[in-house]
Amino acid sequence: MTSSSSEIAARDLEAARRKNASHGLRGGRFKPSWIPLHLLLVAGSLAMFVPFLWMLFSALKPLDEIFAQPPKLLPKLWQPQNFVTAWQGADFARAYFNSVYIAGLVTVLTLITCSMAAYAFARIRFPGRKVIFGIFLATLMVPFQLTVIPLYVIMGQLRWIDTHLALIVPPALFNAFGVFLLRQYVRGIPLELEEAASIDGAGRVRIFTTIILPLLRTPLVALGIFVFLGQWNSFFSPLIFLNSDRNFTIPLVVNQFKGAYSSDWTSLMAATTMAALPMLLIFIIAQRQIVQGIALSGSKT
Amino acid sequence: MALAVDVKRRRRTEALWGYAFLTPQLIGLIAFMVGPLVFAIVLSFSSWDGLGSRTFVGLQNFIGVWQNAQLRQSWLNTAWFTALQVPGLLITGFFFAFFIQKAGRLTPFYRIFFFAPQVTSTVAVGAIWLWLLNPDISPINSLLKSLGLPNPPDWLQNPRTAIPAIVVVSIWQGLGYMIVMFVAGLQNISPTLMEAADIDGASEWQKLRRITVPLLSPTILFLSITSIIGSFQVFDYIYFFFDTTAPANAHTIVYDIVNFAFRQFKFGFAAAIAVYLFLILLALTGLQFLAQKKWVHYTE
């Protein structure tokens, strides 16, 4: 049985988790020292959670209850119509569609281009390999604000301003972090696997698609989560590159909504709830994969 | 001789395959990174509004950055933001990670709450806090009043509290990532070390100082470097809270770059500010790498 470094890493994580689980709750026997520990963690969790509850319940209040002193968390009169107002106040359906397809497309394309480049850097000999890889690494230091002005000019030349191409093509075709992360994992795949396939007559493309890609599953999922989250929540690029309402993504719609409904707090909170809820639900369902993906992406750099 | 030719040809096909696999990212590297980077540096020595002709102005932009009173203020604001946010994030992140990994089977349960703001967009987080910090309706101010503080500030509009308030929002959102990274680091510390320390009669504080922190130092360095880079680029909250009318004490450097570039179309001047930002980030990262010899402990 051969195993890649990614599988080993995943197994280690699992083992550490199990060990830790048995460490903390020794067979479920009660220890008095848990009381302050859990009090502290519950207090911390409440500090994180109450703002979300506040958002949700405010979205269900009539406007005059907002100004009640002292403020109450729960509405006296439940008014779910705020969500209708918010839904009609901006084109949420289209914004959801735009956000999903931009983030989805960038994620898929990034995974393809990054794994290809990672394979080239890790396994194929070509002149300039080291230098080009060094350049990739060096660009990790460049702040986006430095390149965004020329990028804006380039997008203007290509007539891509106010189109989704400006948001999809640059991140899909260039992600130095993704290339670096995946290269680390390709290097961990045993070379014998490739040599065996090569003797059987498999070419580079076959080896890449049938051996390398399946073994990269763990880091690909991790990078995919990382890229999708970043794109879904991205505010800076859409703000710079998009102008028309019909192209807006969810964060832009919320921002626009804030401008237009500045005193209509309940509708703003309904809009915010609609923006935040899908990702929160996905996160609650898939929290372990998402957290491990983020940890993996961070720890390899 | 035929063999040598054969090897040569095989090497050449090998190289061609290398470039083929690299092509998509290589195009991206040139078109969306190296090209724009060179262009940005050229721009920083030019005066250009994006339409007319570009003129070379030497160091004028770079000098102008320091003559602009608002920008001087913005650098200070950004540095103040970083000085508050990065230690705040690292300390609260370590604090909660330390306890959350002791929660055993409940660790994933608590993690949901701490990580939830991380998967929420900065804009949605901004909207929630715009509400929580608004003096007319703020439950926080109401709580402070009931605790005996008669005049809690208008957090975002008061020049003294604007940056600290935004720091609180950003820590609230960024905490989950810190916890996840610290927990991963803590789980790598071998329990036998702790047991040995227990046998030697070490106190909890001694174990923390002598074992946990040194073994965690690579994680701390990584998080410190990436947090400082992120913190110097803070923009989303500021723009969402204030739109284009941020008070002078709440401007950050990226807010000004966007303002000069995309509202006033002073591309050259904005590029010069961005070059300074780049140089400052390089220097701060370099300094941290230099200083790591003094305190970062690598096991391998």
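The model is predicted: local features need pLDDT of at least 70, side-chain atom pairs count only at pLDDT 80 or more, and totals for chains, interfaces and linings use all residues. Residues are numbered from 1 along each chain as its sequence is written, while chains are lettered from A and ligands numbered from 1 in the order in which they are written.

Chain B holds twelve helices and two strands, where helices (H or I, at least four residues) and strands (E, at least two) are DSSP runs numbered from the N terminus. Read from that end, the order is α-β-β-α-α-α-α-α-α-α-α-α-α-α. With a radius of gyration of 25 Å, well over the 19 Å that the globule rule gives for 300 residues, chain B is more spread out than a compact globule; the radius is taken over C-alpha atoms, and the rule is 2.2 Å times the number of residues to the power 0.38. Along the principal axes, the C-alpha atoms of chain B fill a box of roughly 80 × 60 × 35 Å. Buried residues account for 41% of the 300 residues in chain B. Here a residue is buried if 20 or more other C-beta atoms lie within 10 Å of its own, exposed if 12 or fewer, and partly exposed in between, with C-beta atoms placed from the backbone. Among contacts in chain B between residues at least 6 apart in sequence, 70% link residues at least 24 apart, a contact being two C-beta atoms, placed from the backbone, within 7 Å.

Turning to the interface, 77 residues of chain B and 81 residues of chain A take part. Helix α1 (residues 2–44) supplies the largest share of the chain B side, 19 residues. That side has 56 nonpolar, 14 polar and seven charged residues; Ala, Val, Leu, Ile, Met, Phe, Trp, Tyr, Cys and Pro count as nonpolar, Asp, Glu, Lys and Arg as charged, and the others, Gly among them, as polar.

One helix pair spans the two chains. The axes of α2 (residues 34–58) of chain A and α4 (residues 107–115) of chain B come within 8 Å and cross at roughly 35 degrees; axes are lines fitted to C-alpha atoms, for helices over the stretch in contact, and angles run from 0 to 180 degrees between N-to-C directions. A:Leu41, A:Gly44, A:Ser45, A:Met48 and A:Phe49 meet B:Tyr110, B:Phe113 and B:Phe114 there, giving six nonpolar, two polar and no charged residues.

The largest nonpolar core has 162 residues, and B:Ile179, B:Ile238, B:Ala270, B:Ile273 and B:Ala274 have the most contacts inside it. Such a core is a set of buried Ala, Val, Leu, Ile, Met, Phe, Trp, Tyr and Cys residues joined through C-beta atoms within 7 Å. Helix α7 (residues 162–187) of chain B contributes the largest share of this core, 17 residues. Not counting residues up to four places away in sequence, B:Ala274 touches A:Pro143, A:Gln145, A:Leu146, B:Ala40 and B:Ile257.

A:Arg159, between α7 (144–157) and α8 (165–173) of chain A, has a positive phi of about 60 degrees although it is not a glycine. B:Asp243 has a positive phi of about 55 degrees and is likewise not a glycine; this residue is exposed, with 12 other C-beta atoms within 10 Å.
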